[in-house]
Amino acid sequence: WNFLVKNKKYISWILYILALLSFLYLWDISNHAIHDTWEKAYDLLMFILFLPILAKVLNFSLVKKLMIFRKELWILMWVLAFVHSLQYFIWNSAYQFWELWFWVFNWAPTYLSYGFIALFITIILTITSNNYSIKGLWKYWKILHRAVYILLFFVVLHIFYFILWTQDFYTKLLKYWIPLILYIIWKTLEWKNIKLRK
């Protein structure tokens with residue numbers, strides 16, 4: 001797996017190119033394409049969150065090598081999430097963003113409002129994912145980037161409330177909730193510094 005380390009620059013560029021190519025999704029604003037972008041973004045987010053856990057808890061050498069690409073994977077994830085949002089606004093009318101029902105329906109936040117909050121958090125985290133921000137924010141940088149857990153919370157709410165309006169409820173619920181439950185369990189093991197594999 002030293003191949004990944006030796007060719008980090010080239011692999012990083014491939015991931016950046018994939019991020020740019022993700023904007024091609026904007027040519028297709030069908031329901032299938034809109035769902036495709038958020039599913040890919042969610043899968044990447046979970047993959048990024050699981051990387052440090054797999055490295056510390058299960059002590060996988062491959063995962064430790066993949067950790068060097070977390071920034072590039074995050075940018076790819078963010079672009080897919082951003083494109084997903086743009087697809088929605090193109091598919092619908094942009095003016096709906098200013099309507100009350102976009103944010104609240106029957107006195108409860110909508111899945112759209114949860115998604116918008118999640119997108120806003122990703123923008124902040126993406127803008128500050130560089131060496132200048134790390135140096136400038138100093139110890140506050142880590143505190144800021146713990147907002148990724150808040151992001152996950154709103155992403156899960158966004159998906160959950162959207163699934164309520166779709167068919168095949170239980171299948172989709174298991175698909176997105178099982179990884180989340182595993183993440184919480186493994187994150188607890190990581191915090192307690194418990195290793196399942198030496």
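Author: On a 1 Å grid over the protein atoms alone, a pocket is an open set of points with protein on both sides within 12 Å along at least five of seven lines, a cavity is a set where a 1.4 Å probe fits but cannot get out, and lining residues have an atom within 4 Å of a point. In this structure the largest pocket is lined by 23 residues, and those nearest its centre are I48, R70, W141, H145 and V148. This is a predicted model, in which local features need pLDDT of at least 70 and side-chain atom pairs count only at pLDDT 80 or more, whereas totals for chains, interfaces and linings use all residues. Residues are numbered from 1 along each chain as its sequence is written, and side-chain values use heavy atoms, with hydrogens and water left out.

Reader: What volume does the largest pocket have, and which elements each supply at least two residues of its lining?

Author: Volume here is the space filled by probe spheres set on the grid points, which are joined across faces, edges and corners; for the largest pocket it is about 800 Å³. Elements are DSSP runs numbered from the N terminus, with helices being H or I of at least four residues and strands E of at least two. At least two lining residues each come from α3 (31-56), α5 (70-91), α8 (131-137), α9 (139-145), α10 (147-163) and α11 (169-191), and α3 gives the most, with 5 residues.

Reader: How do the lining residues of the largest pocket divide by class, and how do those of the second largest pocket divide?

Author: The classes put Ala, Val, Leu, Ile, Met, Phe, Trp, Tyr, Cys and Pro as nonpolar, Asp, Glu, Lys and Arg as charged, and the others, Gly among them, as polar. The lining of the largest pocket has 12 nonpolar, 4 polar and 7 charged residues, while that of the second largest pocket has 20 nonpolar, 8 polar and no charged. This second largest pocket holds about 570 Å³ of space and is lined by 28 residues, with W38, H84, S85, G115 and H158 nearest its centre. The elements that each supply at least two residues of its lining are α3, α5, α7 (111-127) and α10.

Reader: How many cavities of 30 Å³ or more does the structure hold, and which residues line the largest cavity?

Author: There is 1 cavity of 30 Å³ or more, and the largest cavity has a volume of about 40 Å³. Its lining is made of Y42, V156, I159, F160, Y176 and W177, with α10 and α11 as the elements that give two or more residues. The largest share, 3 residues, comes from α10, and by class the lining has 6 nonpolar, no polar and no charged residues.

Reader: Why is α10 described as largely enclosed by the rest of the structure?

Author: The test is relative accessible area with a 1.4 Å probe and protein chains only: buried means under 20%, exposed over 50%, and partly exposed in between. Because 12 of the 17 residues of α10 are buried, this helix is largely enclosed by the rest of the structure; among them are A147, V148, L151, H158 and I163. The expected span of a helix is 1.5 Å times one less than its number of residues, and α10 reaches 24 Å from its first C-alpha to its last, close to the 24 Å expected.

Reader: What span does α7 reach, and what covers its buried residues?

Author: With 17 residues, α7 reaches 25 Å between its first and last C-alpha, close to the 24 Å expected. Its buried residues include L112, Y114, G115, A118, L119, T122 and L125. Contact means heavy atoms within 4.5 Å, and the cover over the buried residues of α7 includes α5, α6 (100-103), β2 (108-109), α9 and α10.

Reader: Is T128 buried or exposed, and which residues does T128 touch?

Author: T128 lies in the loop between α7 and α8 and is buried, with a relative accessible area of 11%. Leaving aside residues up to four places away in sequence, T128 touches S133, L137, W141, L144 and H145. By contrast, V104, in strand β1 (residues 104-105), counts as partly exposed at 34% relative accessibility.

Reader: How many helices and strands does the whole protein have?

Author: The protein has 11 helices and 2 strands, and of its 198 residues 40% count as buried.
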